[in-house]
Amino acid sequence: MRDSLYLGLDLSTQQLKALIVGEQLEVVREETVHFDSELPEFGTQGGVCRGKRPNGEECITAPTVMWVKALDLLLQKLQRSEIPLNKIVAISGSGQQHGSVFWKSGASVAFGKHNPFKPLHEQFTGLLSVADSPVWMDSSTTAQCRKLEESVGGAEVVVSVTGSRAYERFTGPQIARLYADNEEGYDATERISLVSSFVATLFLGAYAAIDWADASGMNLMDIHRKHWDSNCLNACAPQLKHRLEKPCPPWTVLGKISKYFCQRYGFSKDCDIVACTGDNPCKSRQQLLQA
């Protein structure tokens, strides 16, 4: 396609940003949705909500549906800008690292049934087993971190396998905490996404794999073999591997865009969805490109 365009998204803590570039990486359009000011109905401060766990510890989460509504609003802005969305040939993006999304059993069946005449966020009822996503700012999982380290043979083993010691914000301990506090919610979960793979999942209309770079911030992946480590998985929650698709290379083309976005916003059915990754790996790549 001549004059092809490329769409990148960044789902950060406080905003969702879109950047459209041309074939020479020239910036064609930027749009942003700020969560606090443009979606005040969710009551976030700095993009997050602060609450209490059953034991009284503070927990920090974000309403998952808020991110979906932000995407609806962002795409509406792009559509009104008269940018030819049908010329976008590929979409990828980044997400705040460590945050997680819990999909309810049966959610994948609903992906192909979305009505293009309705915003996506209005069709999310019953798709999530946990309404609020744990985010990187949460540090209430110290007990789960210590349990993970003890279960696999010590902090040094966790470092040698996953590349990091067990950190409170990492997704493995966060999943372990969810299982401890809300076993019913965990049992109702068929798939767990990171924020990055959540973005890809929305556009793909099917579950997107977590890429290697973002998976390395979970305390769950063997960074040498680039597969989930069974000992770390078992230390966090039962049957966790079944809720995580095999991680993929960051350059993976996951598939074509969902027909929902073609029908509602005019994207081309040939638009590729490329694996999304964490914001920190993206910053590292940016520094390499600027060097």
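Tutor: What follows describes the sheet, the helix across it, and then a separate helix pair. The model is a predicted one. Three strands form an open sheet in the order S4-S5-S8, and their pairing is antiparallel. The edges are held by strand S4 (49-52) and strand S8 (132-134); each has a single partner strand, so one side of each lacks a neighbour in the sheet. From one strand to the next, the twist averages 50°. Between strand S5 (residues 58-63) and S8, the antiparallel pairing extends over three bridges, and Pro63 stands opposite Asp132 in S8.

Helix H2 lies across S5 and S8 and runs at about 30° to S5. This helix comprises residues 64-80 and includes Arg80. Arg80 counts as exposed because its relative accessibility is 58%, where the cut-off is over 50%. Between Arg80 and Pro119 there are 15 Å in space, C-alpha to C-alpha, and the two are 39 residues apart in sequence.

The helix pair consists of H4 (residues 142-152) and H6 (residues 171-181), which pack at an angle of about 110° with their axes 9 Å apart. H4 is therefore roughly perpendicular to H6, and their crossing is right-handed. On the H4 side, the contact is made by Gln144, Cys145 and Leu148, while H6 contributes Pro173, Ala176, Arg177 and Ala180. Of the residues in this contact of H4 with H6, five are nonpolar, one is polar and one is charged.

Methods
Residues numbered from 1 in each chain as written. Predicted model: local features only at pLDDT ≥ 70, side-chain atom pairs only at ≥ 80, totals over all residues. Heavy atoms only, no water. Axes fitted to C-alpha atoms, helices over the stretch in contact; angles between N-to-C directions. Helix = DSSP H or I, 4+ residues; strand = E, 2+ residues; numbered from the N terminus. Parallel < 35°, antiparallel > 145°, perpendicular 65-115°, else oblique. Left-handed = near helix turned anticlockwise from the far one by under 90°. Contact = heavy atoms within 4.5 Å. Nonpolar A, V, L, I, M, F, W, Y, C, P; charged D, E, K, R; others polar. Buried < 20%, exposed > 50% of the residue type's maximum accessible area, 1.4 Å probe, protein only. Pairing = 2+ DSSP bridges.
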